[in-house]
2 protein chains.
Amino acid sequence: MKKVTLKSLAISLGLTESTVSRALNGYSDISESTVKRVNKAAQELGYKPNQNARRLATGVAEAVAFVIPQNHSSLAEPFVAQLLQGLDESLSRRGWDLLVSHALTAEDESNTIQRLITSGRVSGVVLSRPFRHDERIDLLQAAKFPFVVHGRSASCDSYAWYDIDNELAFETAVKHLADIGHQRIGFIGAPLYFNFAYQRLQGYRAGLKSLGIQYDESLVQITELSDDAGERAATDLLNSNNAPTAFLCVSDTQAFGVLAAIRGQGLVAGSDVSVIGYDGLKIGRHTNPPLTTMSQPLAQSGRELGDMLLAIIDGDNPTNHQVLKRAKLLVRNSDGPLWTQ
Amino acid sequence: MKKVTLKSLAISLGLTESTVSRALNGYSDISESTVKRVNKAAQELGYKPNQNARRLATGVAEAVAFVIPQNHSSLAEPFVAQLLQGLDESLSRRGWDLLVSHALTAEDESNTIQRLITSGRVSGVVLSRPFRHDERIDLLQAAKFPFVVHGRSASCDSYAWYDIDNELAFETAVKHLADIGHQRIGFIGAPLYFNFAYQRLQGYRAGLKSLGIQYDESLVQITELSDDAGERAATDLLNSNNAPTAFLCVSDTQAFGVLAAIRGQGLVAGSDVSVIGYDGLKIGRHTNPPLTTMSQPLAQSGRELGDMLLAIIDGDNPTNHQVLKRAKLLVRNSDGPLWTQ
DNA sequence: GTTGCTTCCGAAAGCGTTTTCGGTATAGGA
DNA sequence: TCCTATACCGAAAACGCTTTCGGAAGCAAC
């Protein structure tokens, strides 16, 4: 069970390595008959090209990296598994590898990117959860290194991304709440250096504006992306002398906390107070009450991202790959009409 | 901004590539002064060794693969992100890569493993959620390829694993339920080709036995690892003429469904019927009612798995690396004493 | 002043591919 | 018959690094 290499294959065929190599790689200057012969032998002997050698020779890494988002806290990372699955699906069709990478600290993120692009281990990168102004993206662009991002930063004209229309989603949510009578709508946001958080806040404001509702800063709370943070924020709001009758949250995770806060006040979500989350986590079906939420279609976002990246690596213009999906309101039971007295 | 290679580094130092290489890799036959000189220059010029070249030369891949578990259905994969994070942490301390891989179909799993071990892309593999009899493990062992598994199969004496004591966990859970008066304890299981499912069933039976409770097959349901499946199974059980007063589930996800089933019957979990899940998902705090569950300590399982694998690759005996943790009962509100009339 | 150790570094052979460049047949056209 | 174009394949360099081996100093000791 010796390692079968190009050389041994060639010898057993009475050919040279170069011929065999070209035959295997579909060069046109090899007779059809030998191509067949070579393929057959390769098949039978179980020849697997040594990836490292091939990569060294060609200079292409045949691998891309996924940078794991920093957020420990978030419960909302069922995404990751799905995304990875999809990415790998796309990549493995070409026999490429998917490798994951993480940064220990926030500052370290840029270093991680630097390492990735200089070490030649990967020929592309997929980022997720970008910041509003994201240094990593700047680095990638400056290095002219192929990448796609799941989400997008503030200035996203010149690179490839796959995102949900956050503004639209929150406008939609606000309108829904207004439709059922709510005027004082609390907003549980996330740090605005996350662009999605910023956009969602924008959407919230835009929604209010289009309805002629005055934006009231005392109704918005910026918190971490955790259930506890959501709970604390909602409790504060509920106890203020200007308590909202409804909550809009930038994540389901926070919304879970908000539901807890509402129960904690002896109120019931869905009748006394409404709450709408964002993410469409399946688990939201089981909360008390089941969470109404804006659900984003991430079914095969991984595959799409992979395909995009591959295309870009092949030379496609990144700006040809900017896809914007829209979220859908998924009504469960945490929202309801405002009690008018 | 030319690519700085070993050669260019050597030239700029007035040394040869081999000397520089040995200096960088800590060989002892290089004078301390030149080692310093070399390191300094490498630092300044930003030298990054080309991984592919290095791997080709050394023959070691400096990368390990994580095989994504097949289970689409499960909501319970927040694990994956955590695990990956931990793995990467362990590996990156050595500068190794972590790559993920998945199989499209169940049969494909073995092929995936085959490819991984033959293609030389990785020097180790981490598996998760093994089957009771797992062909992948057989393959790996036959090939004498380094690997660790998160969980373990039926015959696990000769390889490295990291697992929770499933039997103990379920004995504990059964005892807890019995302590608060329950005798008819339903069991929502998973397909027994999953070893963890098998072991948990064993634990359930052992627990009953030690308490002198008769094992009643009509109280156990084997279902998928999904909330819907859990709900259906629990509904069936609840409607039988021998309805259990408590449920034990092999996963939180199923338990969420069970809670739904109970509500669906107009009963209330925690007083009318008890339910205990397994996994310790944080999200269980927010269900209706909050789910009592067996929580497993997976905080840094990723790092531990990584360290184990690294040690094995370095030549350690796999059987030195078999760690068994225990789960802890995390009491929330879905369990309660049996109403005696 | 030869011998024998160390200490340090250079030379060179790989590792397994890819790819460019020639070179030999063979065929086709005159 | 000779010439040129075409089809096919071999030779060889390159990719960037590691590692074995040997050799040149330097030093001590006899």
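Reader: How far is a polar side-chain atom of Tyr27(B) from a phosphate oxygen of DNA strand D?
Author: In this predicted model, that distance is 2.7 Å. Helix H2 (17–24) and helix H4 (51–58) of chain A, plus helix H2 (17–24) and helix H4 (51–58) of chain B, are the elements giving two or more residues to the surface near DNA strand D. Near means a residue heavy atom within 4 Å of the strand; helices are DSSP runs of H or I with at least four residues, strands are E runs of at least two, and both are numbered from the N terminus.

Reader: OK, and how many residues surround DNA strand D?
Author: There are 28, with Thr19(A), Leu6(B), Ser21(B), Tyr27(B) and Tyr47(B) the closest. Of the DNA strand D atoms that come within 4 Å of the protein, 64% are sugar and phosphate.

Reader: How do the residues of that surface near DNA strand D divide?
Author: Into 10 nonpolar, 12 polar and 6 charged. Here Ala, Val, Leu, Ile, Met, Phe, Trp, Tyr, Cys and Pro are nonpolar, Asp, Glu, Lys and Arg are charged, and the others, Gly among them, are polar.

Reader: Switching topic: is Ser110(B) buried or exposed?
Author: Ser110(B) counts as buried because its relative accessibility is 11%. The cut-offs are under 20% for buried and over 50% for exposed, with partly exposed in between (1.4 Å probe, protein chains only). Ser110(B) sits in helix H6 (residues 108–118) of chain B.

Reader: What does the side chain of Ser110(B) make a polar contact with?
Author: The side chain of Glu135(B), at 3.4 Å. A polar contact is a pair of N or O atoms within 3.5 Å; within protein, one must be able to donate a hydrogen and the other to accept it, and sequence-adjacent residues count only if both are side-chain atoms. Beyond neighbours within four places in sequence, Ser110(B) is in contact (heavy atoms within 4.5 Å) with Glu135(B), Arg136(B) and Leu139(B).

Reader: What about chain A, how many helices and strands?
Author: 12 helices and 12 strands. Its C-alpha atoms fill a box of roughly 90 × 40 × 35 Å along the principal axes, and 55% of its 341 residues are buried.

How values were computed: Residues numbered from 1 in each chain as written. Chains lettered and ligands numbered in written order. Predicted model: local features only at pLDDT ≥ 70, side-chain atom pairs only at ≥ 80, totals over all residues. Heavy atoms only, no water.
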